[in-house]
Amino acid sequence: MIVRKAFKFRLKPNSDQQQKMHEYSGHCRFLWNKLLSMNLERLENKQKLIWYREADYFSKLWKQSEEYGFLKEVPAHCLQQKMKDLDKAFKDAFDKKQPLKRIPKFKRRGLSDSFRFPEPKHIQVENRRIKIPKLGWMGFHKSQSIEGTIKNATITRCAGKWYISIQVEQEVNQQAHPADGAIGIDLGVKKFVACSNGSYFDSENAFKKLQSKLAKDQRCLAKKKKFSENWKKQKRKIQKIHSKIGNIRRDFQHKLSTNLSKNHAMIVTEALKINNMSKSASGTIEDPGKHVRAKSGLNRAILDQGWSEFKRQLNYKLEWLGGAYVEANPSYTSQKCSSCANIDKKSRISQSKFCCISCGHAENADINAAKNILAAGHVVLACGEDALATSMKQEPLNMGDLVSV
């Protein structure tokens, strides 16, 4: 089996290289915004969109002009990759199979600084430095060895620092997972993961830890004159805080997902609709919502966990190791008894306590839910993916006989 992986490292460019990377990313961003503006105008006039071949023709004409001649400073394949990205973005926007389809947006300086080199033959890695086309040799913080055949390299800027993401292709022998156990996990806010084997992991709450500092710096930013030097300096501080929040969250998720995927051959989670769970409760002027502040706090806590990214990591890591990742119907998992399969909302005494009113089985509510999730995962694995789609629309399947599996 051939898989593609990405190794991301922080670069150590000199001043000249930094200047060139600023120019390359700025010119690529300009081309994206220029073509996007032309396509949006065509959509308003109900005309055909500009696709890659036509966009490439326009870019060659612009390079020869006086007004847009600065595009010649960028390697041609970097501009071509940016046009291909826009081409794919528009195709996804009109693809009915895409769950989150939307029209592409304009890129902003400081938030969309990136460009890609698709030619692997021009990229060389030697110890702790890398040779990049037009930029030359550049040092980088090598945290791990690069294994596989290099396919492309993408350079991005985040919070004032430059990073390179090297995509490689590896051939992995399809083999059985080294472990033989199965586990169900219940994702939550207070306890990030509760497992069916009785263990649990507390939430990292990266945003909550730095929320007060972030709010303080944002208030300072609001008092400064927009686009002044002090305003730019304060904005860089805020970007660093956001970057730190993301790094803490990703580090926690990767460590936990790697631990779980290595020690369990099958992991079952709930098929949660996170977008619906984190919708605002404000309502409209005519019909205002209730408990808006409490719901906004819950939404913030849910989004702080990063459930979708964690599930994505479990999925591909289990696939690489030869395991199975299953999503089960989340209906009634917190109200069902994992011992007798009786469903009653009164059994959920509190957020952390579960006591079945039928058989008297008492247990931590999240652990009980994780056992129900594992049982539902066995049903999906035995009956196929159609069982999940059917159970999401109908009453929950009777899983009492599978709880003890």
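## Lysine 134

Lysine 134 counts as exposed, because its relative accessibility is 59% and the cut-off for exposed is over 50%. The model is a predicted one. Lysine 134 sits in the loop between β4 (129-132) and β5 (136-140). Its backbone stands out too. Phi of lysine 134 is near 70 degrees, a positive value in a residue other than glycine.

## Alanine 159

Alanine 159 also has a positive phi, about 55 degrees, and is not a glycine. This residue belongs to the loop between β6 (149-158) and β7 (161-171).

Is alanine 159 buried or exposed? Alanine 159 counts as buried, because its relative accessibility is 14% and buried means under 20%.

## Lysine 101

Lysine 101 is found in the loop that runs between α3 (76-93) and β2 (114-117). Its relative accessibility is 43%, so lysine 101 counts as partly exposed. That class covers values between the buried limit of 20% and the exposed limit of 50%.

Which residues does lysine 101 touch, leaving aside its neighbours within four places in sequence? The contacts are Asp92, Ala93, Asp95 and Lys96. Alanine 89 is twelve residues from lysine 101 in sequence. The C-alpha atoms of alanine 89 and lysine 101 are 9.0 Å apart.

## The second largest pocket

The second largest pocket holds about 560 Å³ of space. Its lining is made of 24 residues. Nearest the pocket centre lie Asp186, Leu187, Arg348, Gln351 and Asp366.

## The whole chain

The chain has 405 residues, and 40% of them count as buried. Its secondary structure comes to ten helices and 14 strands. Along the principal axes, the C-alpha trace spans about 80 × 60 × 45 Å.

## Surface and charge

The chain exposes about 24,000 Å². Carbon and sulfur atoms supply 48% of that area. Side chains in the chain include 75 positive and 40 negative ones. The centres of these two sets lie 7 Å apart.

Note on methods
Residues numbered from 1 in each chain as written. Heavy atoms only, no water. Helix = DSSP H or I, 4+ residues; strand = E, 2+ residues; numbered from the N terminus. Buried < 20%, exposed > 50% of the residue type's maximum accessible area, 1.4 Å probe, protein only. Areas by Shrake-Rupley, 256 points an atom, 1.4 Å probe, with all protein chains shown as cover. Lys, Arg positive; Asp, Glu negative; His and termini not counted. Charge placed at Lys NZ, Arg CZ, Asp CG, Glu CD. 1 Å grid on protein atoms, 1.4 Å probe; cavity = no way out; pocket = protein on both sides within 12 Å on 5 of 7 lines; lining within 4 Å. Points joined across faces, edges and corners; volume = space filled by probe spheres on them. Contact = heavy atoms within 4.5 Å.
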